[in-house]
Amino acid sequence: MTEQNMPGTFDVIIIGGGPGGYVAAIRAAQLGLKTACIDMFTGKDGKPAPGGTCLNVGCIPSKALLDSSKYFHHVGHEFADHGISVKSLTVDIPKMIARKDGIVKKLTGGVTQLFKGNRVEFFHGRGRLLAGKQVEFTPADGTPAISLQAGSVILASGSVPIAIPNVTFDGEFIVDNAGALDFTSVPRRLGVIGAGVIGLELGSVWSRLGAEVVLLEALEGFLPTADITISQHAAREFAKQGLKFHFGTLVKGANVVKKEVLVTLEDKQGESQLTFDKLLVAVGRKPYTDGLLSPDSGVRLTDRGQIEVDGQSRTSVPGVWAVGDCVRGPMLAHKASEEGIAVVEQIAGKPAHICFDTVPWVIYTEPEIAWVGKTEQELKKAGVNYRSGSFPFAANGRALASGNSAGLVKMLADAETDEILGVHIVGASASELIAECVVAMEFHGSSEDLARIVHAHPTLSEAVHEAALHVDGRAIHRGN
Ligand code: FAD
Ligand code: NAD
């Protein structure tokens with residue numbers, strides 16, 4: 001028996017089965033590596049649920065509720081413009097949540113099937129890296145721990161919500177993202193601490209369903225990493241939808257009193273209190289490494305608690321790699337997955353490369369927000385000589401036809417070479433429109449390249465085309 005064929009010995013052991021870990025496991029198996037993936041997530045039905053935060057309590061369930069709530073809102077508020085009237089409109093929240101849970105179950109079950117189909121050995125429970133690329137596996141069913149041996153180990157343990165002082169999660173009144181994806185009725189008043197990505201997405205869900213949503217944000221504005229034109233435009237749109245923002249607000253504490261949450265906050269006006277039925281805390285996430293590393297594993301953490309890695313995702317221990325939310329870089333599912341693939345391709349002796357400069361961001365509000373590359377404020381700060389073009393959806397035929405005329409596309413290109421440096425979109429289907437811009441930037445395309453490509457009419461993508469033309473002052477459907 002060769003060493004590789006011995007039970008409990010693998011070419012690659014991956015700890016964590018989120019989009020970083022499970023995608024890496026499938027790719028490793030495709031490359032002929034004997035692969036194990038350990039994940040401890042347990043679904044609502046008590047069964048293993050590989051897929052991590054993304055499939056269980058993140059990307060997918062939030063998008064399911066965003067879509068359900070969008071339909072409800074459209075029927076109630078926008079159908080009348082199209083000449084469609086609805087006599088009475090009701091919403092069944094438990095059914096909406098059950099639909100979301102069904103999608104989660106389908107997808108996590110799909111990962112289990114993909115593991116079987118690709119011969120990835122799945123271990124449901126906790127993994128801990130020991131010295132010498134040994135991994136201790138503690139099964140979720142309470143049976144004794146066993147030891148596994150790996151040629152290479154990939155750590156993909158993800159992240160967890162950050163808590164703030166004097167605001168304690170209780171899972172019922174004061175909740176994190178998982179709790180806010182599982183309300184059984186619409187809270188009359190929902191407080192959200194943090195007007196970031198989760199606050200905006202989940203705040204939108206419950207606002208569309210009828211909650212009065214108040215976002216308490218420490219900064220004087222929101223989305224500081226988005227282009228300023230886009231965040232300002234989005235702020236106006238969200239305010240029109242009824243989301244209330246308290247910027248420059250420091251939350252000092254929250255208490256549950258008689259089934260209400262009393263939040264004490266401080267802003268320029270001094271200290272005050274607000275009362276909510278539910279409070280969502282969404283102030284960011286931190287890498288999760290609890291119990292992951294034995295003291296002699298040799299893997300170093302940064303002072304921010306991330307697993308320390310180099311540009312190729314190598315940790316401080318040869319043969320041990322780390323990817324996804326537990327390392328540096330944006331906490332995004334697609335970034336985690338591409339890192340996982342790049343790592344196993346390197347383990348298999350293939351060249352691998354990720355361009356972190358062209359990782360797209362999408363926020364699935366209405367209008368959607370999406371961007372890739374540098375913002376205008378970043379270019380100004382770096383002293384880059386650039387040209388800017390933009391195009392409003394209000395001048396795009398398809399956007400008007402569908403009643404989605406809010407927003408714009410903004411393109412930034414190098415003033416000398418015309419290479420596209422960034423594209424920023426707020427508007428319907430921004431999540432899809434950004435893909436063309438990512439491809440253009442990956443190929444070091446210029447605004448002229450996009451301007452000369454034929455875009456179908458009538459489509460929203462014509463707004464990208466027009467923004468590219470506008471960089472050179474020759475947009476057709478707007479005054480230049
Ligand atoms: P995770 O998905 O967190 O997976 C890590 C897994 O490892 C978990 O299952 C965990 O239980 C397991 N684990 C940890 N330690 C151990 C251990 N010692 N042993 C065994 N198992 C362990 N990103 C997007 O790109 N698009 C979106 O639309 C989006 N929406 C989001 C919405 C919400 C509400 C949230 C919270 C996040 C969202 N994200 C989104 C972020 C995205 O979910 C994460 O970036 C992504 O899941 C990170 O993948 P990962 O594999 O690194 O970690
Ligand atoms: P975030 O970093 O997007 O936003 C957190 C917000 O909370 C910031 O605006 C910050 O200024 C504010 N804040 C921090 N401390 C505060 C305090 N004490 N009081 C008031 N405000 C405070 O974090 P998030 O919304 O929790 O999301 C975490 C991460 O999950 C995101 O950064 C992203 O990487 C990922 N995510 C991605 C998507 C997507 O891709 N569509 C969706 C959801 C989550």
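Predicted model: local features only at pLDDT ≥ 70, side-chain atom pairs only at ≥ 80, totals over all residues.
User: What makes the pair formed by ligand 1 and the backbone of Cys54 a polar contact?

Analyst: A polar contact is a pair of N or O atoms within 3.5 Å (within protein, one must be able to donate a hydrogen and the other to accept it, and residues adjacent in sequence count only if both atoms are side-chain atoms). Residues are numbered from 1 along each chain as its sequence is written, chains are lettered from A and ligands numbered from 1 in the order in which they are written, and side-chain values use heavy atoms, with hydrogens and water left out.

User: What are the distances from ligand 1 to Leu332 and His334?

Analyst: An oxygen atom of ligand 1 lies 3.2 Å from a polar backbone atom of Leu332. For His334, an N or O atom of the side chain is 3.2 Å from an oxygen atom of the ligand. Both pairs count as polar contacts too, because 3.2 Å is within 3.5 Å.

User: How do you know how much of ligand 1 the protein covers?

Analyst: Take the ligand on its own and it has 990 Å² of accessible area; the protein covers 94% of that. (Those areas come from the Shrake-Rupley method with a 1.4 Å probe; for residues, only the protein chains shown count as cover.)

User: Which elements give two or more residues to the shell around ligand 1?

Analyst: Strands S2 (35-39) and S3 (121-129), plus helices H2 (52-57), H3 (59-77) and H8 (333-347). Helices (H or I, at least four residues) and strands (E, at least two) are DSSP runs, numbered from the N terminus. H2 makes the largest contribution, with 4 residues.

User: How many residues surround ligand 1, and what makes a residue count as near?

Analyst: A residue is near a molecule or strand if one of its heavy atoms lies within 4 Å of it. Around ligand 1 there are 38 residues, with Gly20, Asp39, Thr53, Lys63 and Asp325 the closest. By type, the shell holds 17 nonpolar, 16 polar and 5 charged residues. (Ala, Val, Leu, Ile, Met, Phe, Trp, Tyr, Cys and Pro count as nonpolar, Asp, Glu, Lys and Arg as charged, and the others, Gly among them, as polar.)

User: What does the shell around ligand 2 look like by residue type?

Analyst: There we get 14 nonpolar, 3 polar and 4 charged residues. The shell has 21 residues, and Ile198, Glu217, Gly284, Met331 and Val362 come nearest. Helix H6 (197-208) and strand S17 (361-363) each supply at least two residues, and H6 has the largest share, 3 residues.

User: Which polar pairs does ligand 2 make with Glu217, Glu201 and Ala218?

Analyst: A polar side-chain atom of Glu217 is 2.6 Å from an oxygen atom of ligand 2. A nitrogen atom of the ligand lies 2.9 Å from a side-chain N or O atom of Glu201, and a nitrogen atom of the ligand is 3.1 Å from a backbone N or O atom of Ala218. Taken alone, ligand 2 exposes 840 Å², and the protein buries 78% of it.

User: How do you know that S11 and S12 are paired?

Analyst: Two strands pair if DSSP finds at least two bridges between them. S11 (residues 250-257) and S12 (residues 260-267) are joined by 7 bridges and run antiparallel, so they pass. One bridge puts Ala254 against Val263 in S12. The two strands form a hairpin with 2 residues between them, and Lys258 in the turn has a positive phi of about 50 degrees.

User: What joins S12 to S13?

Analyst: 7 bridges link S12 to S13 (residues 270-276), again antiparallel, and a hairpin connects them through 2 residues. Glu266 stands opposite Glu271 in S13, while Thr264 faces Gln273 there.

User: Why are S11 and S13 called edge strands?

Analyst: The open sheet has 3 strands in the order S11-S12-S13, with antiparallel pairing. S11 and S13 each have a single partner strand, so one side of each has no neighbour in the sheet.
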